[in-house]
Amino acid sequence: MSVQDVRDAYSRRAQEYADLFCSPEAMDEPDRELVSRWADGVAGRVVDAGCGPGQWTDFLRGRGCDVEGVDLVPDFVEYARSRFPDASFRVAELDRLGVPDRSLAGILSWYSIIHTDPEDVPRVLGEFARCLRAGGGLLLGLFEGPRVEPFPHAVTTAYFWPVEEMARRLRDAGFQVEATESRVDPGRRPHAAIVARRTGDR
């Protein structure tokens, strides 16, 4: 699954996706609470990596974060700028965020790597590590499964990940995993989130 494939798939359904998810009502309360707790522990510049139509970027901005949303889909960025004119958005890919080394205090990656081919995930996590200063925080959302395997997501192929396997990839990239959580909501795929912090030894 190439970056262009993902971009094209979401471009075709950008308005539909925005209509479904770009509202406070579409944010599950446990997710709002988790993102809020994480954001409260971040002091400095934040990037919402893979921001989609911008709802979480705006949510973070509303909590006082110095946040910028980036996404590889120009249609999403255009929509986000129109819907949330007080927030900052631009086009960028996950493995090329376009910020200086160690310049960020936090990265929110909320389901943004679900379509990334597993062999490319280390490169994306390495980019996150490059951008975060020592002690910087990462919050990662993903679909949890017993093994790394693809499944037919509504937009394009996505991947399940065991939490411990993703945690291992994070440690390999220079992160310390601080917390994980999993849940299964009725009618939903299993969800997981990982809170990690950039170590200072690389």
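Me: At what angle do helix α2 and helix α5 pack?
Reply: In this predicted model, helix α2 (residues 14–21) and helix α5 (residues 74–83) pack at an angle of about 45°, and their axes are 10 Å apart. That angle makes α2 oblique to α5.

Me: Is that crossing left-handed or right-handed?
Reply: The crossing in which α2 passes α5 is right-handed.

Me: Which residues meet there?
Reply: From α2, the residues are Ala14, Gln15, Tyr17 and Ala18, and they meet Asp75, Phe76 and Tyr79 in α5. Sorted by class, the contact of α2 with α5 has 5 nonpolar, 1 polar and 1 charged residues.

Me: Let us move on to α3 and α4. How far apart are their axes?
Reply: The axes of helix α3 (residues 29–40) and helix α4 (residues 55–62) are 11 Å apart, and the two helices pack at an angle of about 50°. Helix α3 is therefore oblique to α4. The crossing of α3 past α4 is right-handed.

Me: And which residues of α3 and α4 meet?
Reply: On the α3 side they are Asp31, Arg32, Val35, Ser36, Trp38 and Ala39. On the α4 side they are Trp56, Phe59 and Leu60.

Me: How many of the residues in the contact of α3 with α4 are charged?
Reply: There are 2 charged residues in the contact of α3 with α4, together with 6 nonpolar and 1 polar.

Me: What about α6 and α7: at what angle do they pack?
Reply: Helix α6 (residues 121–131) and helix α7 (residues 163–173) pack at an angle of about 50°, with axes 9 Å apart. The two helices are therefore oblique to each other. Their crossing is right-handed. In this contact, Val121, Pro122, Leu125, Gly126 and Ala129 belong to α6, while Met166, Arg169, Leu170 and Ala173 belong to α7.

Me: How does the contact of α6 with α7 divide by class?
Reply: The contact of α6 with α7 has 7 nonpolar, 1 polar and 1 charged residues.

Me: New topic: where is Arg90 found?
Reply: Arg90 is in strand β3, which covers residues 88–91. A polar atom of the Arg90 side chain lies 2.6 Å from the backbone oxygen of Leu97.

Me: Which residues does Arg90 touch, leaving out those up to four places away in sequence?
Reply: With those left out, Arg90 touches Arg45, Glu68, Gly69, Val70, Asp71, Val77, Arg81, Leu97, Gly98 and Val99.

Me: Last one: which residues does the UniProt annotation "domain: Methyltransferase" cover?
Reply: According to the unreviewed UniProt entry, that annotation covers residues 46–136. In the model, the span of residues 46–136 is 32% helix and 29% strand, and its end C-alpha atoms lie 9 Å apart.

How values were computed. Residues numbered from 1 in each chain as written. Predicted model: local features only at pLDDT ≥ 70, side-chain atom pairs only at ≥ 80, totals over all residues. Heavy atoms only, no water. Axes fitted to C-alpha atoms, helices over the stretch in contact; angles between N-to-C directions. Helix = DSSP H or I, 4+ residues; strand = E, 2+ residues; numbered from the N terminus. Parallel < 35°, antiparallel > 145°, perpendicular 65-115°, else oblique. Left-handed = near helix turned anticlockwise from the far one by under 90°. Contact = heavy atoms within 4.5 Å. Nonpolar A, V, L, I, M, F, W, Y, C, P; charged D, E, K, R; others polar. UniProt positions renumbered as here; feature names shortened; annotations may be inferred. Polar contact = N/O pair within 3.5 Å; in protein donor to acceptor, adjacent residues only side chain to side chain.
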